[in-house]
Structure formats: structure tokens, C-alpha cells
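Visitor: I would like to go through the charged pairs of this model and hear the criterion behind each label.

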Amino acid sequence: MRIAVVGGLDRHVASLAKQAASAGHAAEFHHGRVGGRSAEDLEAIVERSDVVVVVIGVNSHGAVSIAKRAARRSGRAVVIARTCGPSRFEQILSALARGQSFSGVAQLAV
């Protein structure tokens, strides 16, 4: 499964990518800033993904809106999380593996 992570802290990218790979998933990251071509890049990442994790604690309002709108258009599941460090990402991966709802984060059905 391909997971897009929008926003969050850059320092977590390497560990989150390693966690996703260990669970048999591919993770793609967008920094959450949407100036210039970044908005187009964000939409492309969302369209390539199966699940989109939108981090709202460290993200621009524009990026959140673009990610949610692109996910809705593409029929992708969206997980809204206040933060997304290694422990929260592990919760998300575990929920995906079990096919259950996401504990501790809000899920928007699209």
C-alpha cells in the first residue's frame, strides 16, 4: 500500500519511511508548504497514494485543504492527525494491518 504523509516534521521522514517499508508499504512525504509548484506536487502525491495522512499540527491550512480536496476527488482515505511521529505512525500502520479504525486519530471517509 502507498501512504502519503502531508506535513509533519522533516526530522521524522527517514524513520517513518523505514517503518512503512518494514510493514510492506511505501511512504511518500510532502512538507506541507504549497507555494509555487508545491500544490501540484501535493495533488500528485495524493493521487498516487492509497491512504493520505494529513498532519495538522505542523502544516499550512492551504496544504490541508488541497490534500483533503485531492483525496476526495481521487477516492482516497484520509487520516487527520494532530502529530505524526514514529509512535503515531506505528498506530496508523497497525490499524491498516488490522483493517480497523484509526485509534487516537480522526478518520474521514471519502
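Visitor: What makes Arg 73 count as buried or exposed?

Guide: First, this is a predicted model, in which local features need pLDDT of at least 70 and side-chain atom pairs count only at pLDDT 80 or more, while totals for chains, interfaces and linings use all residues. Residues are numbered from 1 along each chain as its sequence is written, and side-chain values use heavy atoms, with hydrogens and water left out. Buried means under 20% relative accessible area, exposed over 50%, and partly exposed in between (1.4 Å probe, protein chains only); Arg 73 has a relative accessible area of 53%, and is therefore called exposed.

Visitor: Why is the contact of Arg 73 with Glu 43 called a salt bridge?

Guide: The term requires a side-chain nitrogen of Lys or Arg within 4 Å of a carboxyl oxygen of Asp or Glu, and because the closest N and O atoms of Arg 73 and Glu 43 are 3.9 Å apart, the pair qualifies. Glu 43, at 26% relative accessibility, is partly exposed.

Visitor: Which salt bridges does Arg 37 form?

Guide: Arg 37 meets Glu 40 in a salt bridge at 3.0 Å, N to O, and forms another with Asp 41, where the closest N and O atoms are 3.8 Å apart.
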